[in-house]
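Please keep the sequence and the coordinates at hand while reading.

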Amino acid sequence: MTNVLLGYQPLFDLFLLHLGMAYSQWLVLRAGVFSLATVGLAAVGAYTGGILVVTLGFPAPVALLAAALAGGIVALGLSVPLARLRGVYQAIATVAFIQIVLSLNIYAAGLTGGPQGLNGIPKTVGTLTLLIAGILTVYLMYAIMSSRLGRAFDAIRQNEAVAASLGVSIVRHQTLAFVISGALAGTYGALEAFHSYALAPSQFAFPFLIAVLSYVVLGGRNTIIGPIIGTAILLILPEIARPLAEARMLVYGLLLILVINYLPRGIADTLIERARARRLSARLAKSDTAPTTAARS
Amino acid sequence: MSLTLNNVSKRFGGVVASDSVNITVPKGKITGLIGPNGAGKTTIVNMITGMLAVSDGQITVGDRDITHSFADEICRAGLARTFQNIRILPDNSVLENILIGFHRHEECSTLAAMLGLPAARRESGKIREMAIAMLRRFGMSALADFPAGGLSYGHQRKLEMMRALASEPEFMLLDEPVAGMNDVESDSLAELFRELASTGMGVLLIEHNIRFVSKLCEHVYVLDGGRLIAEGAPGVVLRDPEVMAAYIGGEHA
């Protein structure tokens, strides 16, 4: 039994790493920013962490903190042009940003190791660290979303005019969401670097962007549990059906098309919504019959 | 203290949507703004609340100039509004729609909110209580957990009003608040508006239902083609030939 579980440990690690990235993507979407920058910001964090440890000999915890900071600061810079854009234009701008980070990682070979990547990163992050990071991340998301920040994010996403008319500063809140998302991406980028010995520029490119976006869209964009469900399904599926693993991106694409058509709010959101509707209509039915029974007695 | 528009104009290219409009909304009273469709009533509200840039003139709350302030700053200056075409947050529950209305008064630090510290949790709990009390006052407690998108038209209008009231404004701009309501519903809202004014709130009521406005307001402004054509007590203003012409048509006046 233990052996079977141990066999799945690498998959569990991967799940926790990708879950962090999924939350980074989830948070900006929840605040109504159509940014896809998570992957690029993760690359910034990963290389910041990797270079600090390998080239400059910093201890891993310090490098991790620096990576979070780097992700947040780059996001802050990126939020300036992004605040002037909306919707699909934000998506295009952030994809361009990913492309820039990717090119820099390839061409600044002296710093980043170029196309060969950064090698010989000491492995300092294991399952326990990732699990702690995962729990902290879920708590952070929960705390944010149940505070005034979460309420403001929800209002902005649904209707900017309403949010503004109620005193919510759109620029301030979207910038904050984007910076937190960037710091989160930076942190998980560095965790990935310290977990896997080596970094290659290509791992933070288009396929990863699609994967992260799929986790959120498939799982659900408006519930905390959404990214957990989405990441779990999309990572476990290719493992259960081994032949599918070869065609991972194909499966992701097909699943996305199906989900967008039949469960447009994502699996978790749709199920939670349905359960709520059932509970409410049951309550309504009860309150409707209550006066009748009272009248009869 | 009052909300004052001083020679406010709005031009969209060559089209003049508001032409040197002067309006004063005192506190503790309901002021009417009427006019036929397309007279530019909503344009005025949008300019006051910072959703449209003002081309010319000045808007002040007390001695504070809000002419070029952002919408969120204007809310914090003490103005709230409802929308002519209802705008609720459809994904959120009825209660959550009211919670966001309290945003202006939430003051826990960003860090406390992010980390879910006790200060933030206390504040969330407090405004939740206040939102529940608001629902009770409007007789909608039973609907608290329902998705706001599924409410009936009348309930959605009331919800929007509760949300605006939650920000505890000094001035409330109501853009056709009783459109599509029956007499019983609109009478109960009329009662509410009187109550708000009696607590010292300044209310600007935008309507084209003349009967409703003349029942509630001591002072009305009449807008036509972006221009004020009359102002004064409803009884006098509504007999004004120009106002009758604007409403009924020139030849029949």
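B:Glu168 is partly exposed, because 14 other C-beta atoms lie within 10 Å; in this scheme a residue is buried if 20 or more other C-beta atoms lie within 10 Å of its own, exposed if 12 or fewer, and partly exposed in between, with C-beta atoms placed from the backbone. The model is a predicted one, in which local features need pLDDT of at least 70 and side-chain atom pairs count only at pLDDT 80 or more, while totals for chains, interfaces and linings use all residues. Residues are numbered from 1 along each chain as its sequence is written, and chains are lettered from A and ligands numbered from 1 in the order in which they are written.

B:Glu168 is placed in the loop between H6 and strand S7 (171–175) of chain B. Helices (H or I, at least four residues) and strands (E, at least two) are DSSP runs, numbered from the N terminus. The phi angle of B:Glu168 is near 45°, a positive value in a residue other than glycine. Most residues other than glycine have a negative phi. B:Glu176 also has a positive phi, of about 45°, although it is not a glycine. This residue sits in the loop between S7 and helix H7 (183–198) of chain B. Is B:Glu176 buried or exposed? B:Glu176 counts as buried, because it has 20 C-beta neighbours inside 10 Å.

Another residue of chain B, B:Val16, belongs to strand S2 (residues 15–26). B:Val16 is partly exposed, with 16 other C-beta atoms within 10 Å. Once neighbours within four places in sequence are left aside, B:Val16 is in contact with B:Arg11 and B:Gly226; two residues are in contact if their C-beta atoms, placed from the backbone, lie within 7 Å. B:Val16 and B:Gly226 are 210 residues apart in sequence, yet their C-alpha atoms are 6.8 Å apart in space.

Chain B as a whole has 10 helices and 10 strands. Its C-alpha trace spans about 65 × 40 × 35 Å along the principal axes. The radius of gyration of chain B is 19 Å, which agrees with the value near 18 Å that a compact globule of 253 residues would have; the radius is taken over C-alpha atoms, and the globule rule is 2.2 Å times the number of residues to the power 0.38. Of the 253 residues of chain B, 44% count as buried. Among the contacts in chain B with a separation of 6 or more, 65% are accounted for by residues 24 or more positions apart.

Chain B is divided into domain 1 (2–88 + 154–252) and domain 2 (89–150), with bounds that come from an automatic or database domain assignment. The centres of domain 1 of chain B and domain 2 of chain B, taken over C-alpha atoms, are separated by 28 Å. Their contact takes 13 residues from domain 1 of chain B and 16 residues from domain 2 of chain B. On the side of domain 1 of chain B that touches domain 2 of chain B, helix H2 (71–76) and helix H6 (153–166) of chain B each supply at least two residues. H6(B) gives the most to this side, with 8 residues. The residues of this side divide into 7 nonpolar, 2 polar and 4 charged; Ala, Val, Leu, Ile, Met, Phe, Trp, Tyr, Cys and Pro count as nonpolar, Asp, Glu, Lys and Arg as charged, and the others, Gly among them, as polar.

The account now turns to chain A. Chain A has 14 helices and 0 strands. The radius of gyration of chain A is 21 Å, close to the 19 Å given by the globule rule for 297 residues, so chain A is as compact as a globular protein of that length. Along its principal axes, the C-alpha trace of chain A spans about 85 × 55 × 35 Å. Of the 297 residues of chain A, 46% count as buried.

Finally, the two chains meet: 24 residues of chain A are in contact with 31 residues of chain B. Which helix gives the most to the side of chain A that touches chain B? H8(A) does, with 7 residues. By class, this side of chain A has 12 nonpolar, 9 polar and 3 charged residues.
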